[in-house]
Amino acid sequence: MTLKLHHLNASRSQRIVWLLAELGVPHEIVHYKRNEVTNLAPPELLKIHPMGKSPLLEDGDVVIAETGAIAEYLMGKYDTAFQLHPRPGSPDFPRYLEWIHAAEGAVFLPGLLQVYFSRVDMTGNPVQAMMAAEREKAAATIEAHLSKYPYFAGEHFTAADCLMGFQILMASAQGGLDNRPATKAWLEKMQARPAWQKMMEVGI
Ligand SMILES: N[C@@H](CCC(=O)N[C@@H](CS)C(=O)NCC(=O)O)C(=O)O
């Protein structure tokens with residue numbers, strides 16, 4: 001049974017497009033387009049999962065949402081040779097899990113709020129400064145980590161890199177890597193990977 005990824009344009013689903021390309025398992029990508037006014041997903045996604053968000057992965061009878069859960073599912077079931085994730089007994093394992101979840105957690109949230117709040121007038125609102133401080137803290141945490149390790153989990157490329165890639169690509173597009181040399185170097189290294197290029201061909 002072929003894996004099926006329900007992929008929304010310009011979304012964090014690109015992380016799973018990349019991860020599937022790295023994994024090299026046969027799969028199909030079903031494309032959905034955001035509403036041009038609301039930016040929301042089309043109602044067709046609600047037929048697959050009650051949250052109606054992307055990414056969504058179908059594997060036979062299994063439907064699974066949440067990028068972190070999808071990544072862990074794919075690694076547990078298909079990366080049996082541990083090419084893209086560390087073995088649970090490895091010292092890299094806790095760091096790997098931390099970044100897999102940080103990709104939707106503390107380091108992602110300030111950037112996400114910025115996207116939401118960019119649609120309203122925040123002039124003079126103290127939340128603006130709080131968000132900027134949180135974004136700075138997240139970017140500095142990533143930069144410090146990548147100054148110490150070549151990849152998010154440590155010495156080896158893993159699914160954690162795929163999950164963090166979306167946020168870093170967004171930061172780069174907004175000029176956020178200009179004073180983050182280690183993060184910039186990591187992104188350039190990722191952009192040279194054939195699977196990254198496949199992801200770009202699929203379209204983000
Ligand atoms: N925490 C979820 C978030 C999923 C999510 O919000 N996806 C966005 C795309 S970036 C979406 O589908 N937005 C369209 C909508 O909410 O209608 C995950 O990690 O997959």
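A pocket is an open set of points on a 1 Å grid over the protein atoms alone, with protein on both sides within 12 Å along at least five of seven lines. A molecule sits in a pocket if more than half of its atoms lie within 2 Å of its grid points. In this predicted model, the ligand takes up the space of the largest pocket. Local features need pLDDT of at least 70, side-chain atom pairs count only at pLDDT 80 or more, and totals for chains, interfaces and linings use all residues. Residues are numbered from 1 along each chain as its sequence is written, and side-chain values use heavy atoms, with hydrogens and water left out.

The ligand shell was examined next.

A side-chain N or O atom of R12 is 3.1 Å from a ligand oxygen. A41 contributes a backbone N or O atom, 2.8 Å from an oxygen atom of the ligand. At E104, a polar side-chain atom lies 2.9 Å from a ligand nitrogen. On its own the ligand has 510 Å² of accessible area (Shrake-Rupley method, 1.4 Å probe), of which the protein covers 86%.

Most residues other than glycine have a negative phi, and most peptide bonds are trans. N39, not a glycine, has a positive phi of about 70°. The peptide bond joining S54 and P55 is cis, with omega about 10°.

The structure holds 7 aromatic pairs (ring centres within 6.5 Å). F93 and Y96 form a stacked pair (planes under 30 degrees apart), at 6.0 Å centre to centre and 25° between the planes. Both lie in helix α3 (residues 92-102; a DSSP run of H or I, at least four residues). They are 3 residues apart, about one turn of the helix.

Note on methods. A polar contact is a pair of N or O atoms within 3.5 Å; within protein, one must be able to donate a hydrogen and the other to accept it, and residues adjacent in sequence count only if both atoms are side-chain atoms. On a 1 Å grid over the protein atoms alone, a cavity is a set of points where a 1.4 Å probe fits but cannot get out, and a pocket is an open set with protein on both sides within 12 Å along at least five of seven lines; lining residues have an atom within 4 Å of a point. Rings of Phe, Tyr and Trp (its six-membered ring) pair if their centres lie within 6.5 Å; planes under 30 degrees apart count as stacked, over 60 as edge-to-face and the rest as tilted. Helices (H or I, at least four residues) and strands (E, at least two) are DSSP runs, numbered from the N terminus.
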